[in-house]
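Visitor: Hi! I'm new to this one. Could you walk me through it?
Guide: Happy to. Let's bring it up first.
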Amino acid sequence: MYFMKKRDFKKAKKIWAEYLDGGKGDQQRLKKVWEQNKDKVGITQTIVKDTMQIKAVSAVNHYINGRIPLNLEIIIVFALLLEVDIGEISPKSKTLIENLL
């Protein structure tokens, strides 16, 4: 079994605390990236809905406009569909992923 060294645990704890800041910056960046890239890549909220396998387009709109909090899975899907680096939407999520790998 793998046990983290004390300093690694402290680093992971700090990164996780930063990640859980409420994501307001991530929501603002998602909206900006959405507006900049949706036409370039030819994506609609319906395409996002179908990809995420959610029932209503309004939920996608709520993610984009910050009414529903983003989680890592949602950030990854938006980044893939908008053809951007995860860090453009959520630098903290990118850091979290890099530190996990």
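Predicted model: local features only at pLDDT ≥ 70, side-chain atom pairs only at ≥ 80, totals over all residues.

Visitor: Okay, which residues in the largest nonpolar core touch the most other members?
Guide: Those are Trp34, Val48, Met52, Phe78, Leu82 and Ile89, out of 18 residues in that core.

Visitor: And which helices supply at least two residues each?
Guide: That would be α2 (24-41), α3 (45-52), α4 (57-64) and α5 (72-82). The largest share comes from α5, with 6 residues.

Visitor: What is Trp34 in contact with, leaving aside its neighbours within four places in sequence?
Guide: Trp34 contacts Ile43, Thr44, Gln45, Val48, Ile64, Phe78 and Leu82.

Visitor: How many aromatic pairs does the structure hold?
Guide: There is 1. Trp34 and Phe78 make an edge-to-face pair, 6.2 Å centre to centre with 85 degrees between the planes. The pair links distant parts of the chain, since Trp34 sits in helix α2 and Phe78 in helix α5, 44 residues apart.

Visitor: Are Trp34 and Phe78 buried or exposed?
Guide: Both Trp34 and Phe78 are buried.

Visitor: New topic: at what angle do the axes of α3 and α4 cross?
Guide: At roughly 105 degrees, and the axes come within 8 Å. The two helices, α3 and α4, are therefore roughly perpendicular to each other.

Visitor: Which residues meet there, in α3 and α4?
Guide: From α3 you have Gln45, Thr46, Val48, Lys49 and Met52, and they meet Val57, Val60, Asn61, Tyr63 and Ile64 of α4. By class, this contact has 6 nonpolar, 3 polar and 1 charged residues.

Conventions
Residues numbered from 1 in each chain as written. Heavy atoms only, no water. Core = buried A, V, L, I, M, F, W, Y, C linked by side-chain atoms within 4.5 Å. Buried < 20%, exposed > 50% of the residue type's maximum accessible area, 1.4 Å probe, protein only. Helix = DSSP H or I, 4+ residues; strand = E, 2+ residues; numbered from the N terminus. Contact = heavy atoms within 4.5 Å. Phe/Tyr/Trp six-rings, centres within 6.5 Å; stacked < 30°, edge-to-face > 60°. Axes fitted to C-alpha atoms, helices over the stretch in contact; angles between N-to-C directions. Parallel < 35°, antiparallel > 145°, perpendicular 65-115°, else oblique. Nonpolar A, V, L, I, M, F, W, Y, C, P; charged D, E, K, R; others polar.
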